[in-house]
Structure formats: C-alpha cells, structure tokens
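Please look over the sequence and the coordinates shown here before reading on.

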Amino acid sequence: MQEQKIKQDEIINIGANICRIRKERGVGQTELVRILQLLGITMTRETLVKIERGLQHIQASQLKGIRDALQSTYDELLK
C-alpha cells in the first residue's frame with residue numbers, strides 16, 4: 001500500500017511550521033534528518049529542504065517522525 005502524502009497549501013504551510021519549530025528547538029536540518037533516520041524514517045537533508053520550502057509533499061510517516069523528533073504536536077505543525 002502506498003503511503004499517504006499530505007499536500008501543503010497557502011492556508012496550512014506545514015514546511016514553514018516545521019522550519020520555525022525546528023529553529024525554536026535549536027535543531028539543524030542535518031541533525032533532524034539524523035534523528036529521523038534513527039527513528040526509521042527515510043529522509044535526506046535535500047528532502048527536508050524541499051518540504052520546508054513547500055516544494056515537496058510530506059508523507060504521513062515523515063510528519064509523524066518530525067513531530068516525535070521535535071517533541072511537537074500535530075496541532076503545532078498544522079496551524
């Protein structure tokens with residue numbers, strides 16, 4: 001079964017929220033990707049950059065992994 005992708009739009013910019021929360025937590029992109037890989041989430045730094053810029057859809061498992069890695073909530077990521 002193919003993983004569900006979540007589309008960003010002008011109203012909910014998930015990528016910008018991820019970037020903001022990541023910076024607030026003092027976590028670099030490379031560090032976040034390393035944490036995600038330890039959690040079993042496949043992602044490269046290039047993918048994270050594209051997601052944060054809104055150029056690539058985020059997969060549900062990636063969103064969950066980022067939520068866990070940044071000790072955040074879905075509400076915070078999706079507002």
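Among contacts in the protein chain between residues at least 6 apart in sequence, 61% join residues at least 24 apart. The model is a predicted one. Its chain has 79 residues, of which 39% count as buried. Five helices and two strands are present, and from the N terminus on they follow the order β-α-α-α-β-α-α.

**Confidence**

The mean pLDDT of the protein chain is 91, and 89% of its residues reach 70 or more. Among the elements, helix 2 has the highest mean pLDDT, 97, whereas strand 1 has the lowest, 70. Where pLDDT is low, the predicted coordinates should not be read in detail.

**The nonpolar core**

The largest nonpolar core comprises 17 residues, and those with the most contacts inside it are Ile18, Leu32, Leu36, Leu48, Ile58 and Ile66. Helix 1, helix 2, helix 3 and helix 4 are the elements that each give two or more residues to this core. Leu36 touches Ile41, Met43, Gly65, Ile66 and Ala69, when residues up to four places away in sequence are not counted.

**Helix 2 and helix 4**

The axes of helix 2 and helix 4 come within 10 Å and cross at roughly 110 degrees. An angle from 65 to 115 degrees counts as roughly perpendicular, and helix 2 is therefore roughly perpendicular to helix 4. The crossing in which helix 2 passes helix 4 is right-handed. On the side of helix 2, Leu32, Ile35 and Leu36 take part, and they meet Gly65, Ile66 and Ala69 in helix 4.

Helix 4 spans residues 60–69, and its buried residues are Gln62, Leu63, Gly65, Ile66, Arg67 and Ala69. What covers these buried residues includes strand 1 (5–6), helix 1 (14–24), helix 2 (29–38), helix 3 (45–52), strand 2 (58–59) and helix 5 (74–78).

**Helix 3**

In helix 3 the buried residues are Thr47, Leu48, Val49, Ile51 and Glu52. They pack against helix 1, helix 2, strand 2 and helix 4.

|---|---|---|

**Two residues in their surroundings**

Lys50 lies in helix 3. Is Lys50 buried or partly exposed? Lys50 counts as partly exposed because its relative accessibility is 41%, and the range for that class lies between 20% and 50%. Leu55 and Gln56 are touched by Lys50, not counting residues up to four places away in sequence. The C-alpha atoms of Lys50 and Gly15 are separated by 8.3 Å, although these residues are 35 residues apart along the chain.

Ser72 is placed in the loop between helix 4 and helix 5. With a relative accessible area of 12%, Ser72 is buried, since buried means under 20%. Leaving aside neighbours within four places in sequence, Ser72 is in contact with Ile21, Arg25, Arg67 and Leu77.

How values were computed: Residues numbered from 1 in each chain as written. Predicted model: local features only at pLDDT ≥ 70, side-chain atom pairs only at ≥ 80, totals over all residues. Heavy atoms only, no water. Buried < 20%, exposed > 50% of the residue type's maximum accessible area, 1.4 Å probe, protein only. Helix = DSSP H or I, 4+ residues; strand = E, 2+ residues; numbered from the N terminus. Contact = heavy atoms within 4.5 Å. Core = buried A, V, L, I, M, F, W, Y, C linked by side-chain atoms within 4.5 Å. pLDDT = per-residue confidence, 0-100. Axes fitted to C-alpha atoms, helices over the stretch in contact; angles between N-to-C directions. Parallel < 35°, antiparallel > 145°, perpendicular 65-115°, else oblique. Left-handed = near helix turned anticlockwise from the far one by under 90°.
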